[in-house]
Amino acid sequence: MPSDKLKSYLHFHLIVFIWGFTAVLGALISLDAVPLVWYRMLLASGFIFLYIKWKKRNLKVSKRKLLVLIIAGIVIALHWLTFFGAIKVSNVSITLALLSTGAFFTSILEPIFYKRKFVGYEILFGIFVIVGLYIIFQVETEYILGIILGLTSAFLSAVFTLMNGKLIKDTAPSVISFYELLTGVAAISIYLAFMSFNSGGDKGFNLAFFTVSSEDWLYLMVLASICTAYAFIAAVAVMKHLSPYTIMLTINLEPIYGIFLAFLVFGSKEQMNPQFYYGALLILSTVILNGYLKTKRKINKIS
């Protein structure tokens with residue numbers, strides 16, 4: 001029988017494939033990033049609440065943990081807002097390629113979160129990642145805003161992955177997911193209410209916000225149920241057996257899955273300048289090599 005670690009690793013690959021499809025759904029949905037994320041988090045938190053009731057989970061958490069969950073929920077909301085924002089102003093390929101830098105950000109933040117020393121070669125690999133980003137910036141100048149939003153999204157994904165890595169030690173994944181997603185909905189709702197009040201109803205919560213086509217509802221339901229509620233709970237659950245860096249390393253397959261799916265759905269619209277792929281390949285290769293060296297280093301320590 002495969003070990004829990006191996007099963008978790010294979011399971012997480014399926015989750016990452018689903019996340020790759022998430023980017024395609026984001027491009028298919030006609031809503032702007034803010035309403036898209038609001039609907040996604042609202043529906044997903046509802047699905048997770050039903051799951052918790054079905055499993056008879058206890059929703060009680062300490063005040064201190066609730067505060068951490070609230071902060072994590074806001075980080076996740078910002079991550080998705082910048083992620084879908086990047087897709088809307090650029091395309092799936094740009095967004096997913098930049099998301100792979102999340103592992104680079106994790107290698108910088110992990111020593112701070114887990115109080116370990118920095119590894120020397122991580123600095124060198126950081127330079128390689130920067131070179132890869134420079135190549136992309138040079139050839140895809142029309143997508144600068146999308147690149148910046150993609151990088152911001154990658155940084156935020158590293159932050160909440162590390163936060164969840166600590167939370168999972170003594171809290172059920174479904175409970176973590178429910179509070180984080182509900183917090184995201186609340187935070188975005190406050191922003192929308194503020195916008196609505198200050199614009200006299202021209203922005204924020206208005207008739208246009210609640211006018212959603214039947215096609216968009218279908219995509220939103222898939223996005224909220226399979227790509228969010230299921231994938232979110234499962235992703236947090238596998239953290240019991242996988243390290244945060246392994247999580248971020250595996251997430252770097254999301255660009256490959258997502259870009260491939262985007263080509264199938266959107267065709268030539270997703271075709272980029274050849275130099276873009278050189279830069280993306282440099283980033284991805286650096287991250288994979290970094291992960292390999294980290295794993296080898298841990299094995300040597302154990303032996």
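**Crossing of α3 and α7**

I looked up the handedness of the crossing of α3 and α7 and found it left-handed (the near helix is turned anticlockwise from the far one by less than a right angle). The model is predicted, with pLDDT of at least 70 needed for local features and 80 or more for side-chain atom pairs, while totals for chains, interfaces and linings use all residues. Residues are numbered from 1 along each chain, and side-chain values use heavy atoms, without hydrogens and water.

I then took the axes: those of α3 (residues 63-89) and α7 (residues 144-167) come within 8 Å and cross at roughly 155°. α3 is therefore roughly antiparallel to α7 (an angle over 145 degrees between N-to-C directions). I sorted the residues of this contact into 17 nonpolar, 8 polar and 1 charged; Asp, Glu, Lys and Arg count as charged, Ala, Val, Leu, Ile, Met, Phe, Trp, Tyr, Cys and Pro as nonpolar, and the others, Gly among them, as polar.

**Helix α2**

I noted 23 residues in α2 and a reach of 32 Å from first C-alpha to last, close to the 33 Å expected at 1.5 Å a residue (1.5 Å times one less than the number of residues). I listed its buried residues (under 20% relative accessible area, 1.4 Å probe, protein chains only); among them are W38, Y39, R40 and M41.

**K56**

I found K56 following α2, in the loop between α2 (33-55) and α3. Its phi is near 55°, a positive value in a residue other than glycine. Most residues other than glycine have a negative phi. I record K56 as exposed, because its relative accessibility is 75% (the cut-off is over 50%).

Conventions
Axes are lines fitted to C-alpha atoms, for helices over the stretch in contact, and angles run from 0 to 180 degrees between N-to-C directions. Helices (H or I, at least four residues) and strands (E, at least two) are DSSP runs, numbered from the N terminus. Angles under 35 degrees count as roughly parallel, over 145 as roughly antiparallel, 65 to 115 as roughly perpendicular and the rest as oblique.
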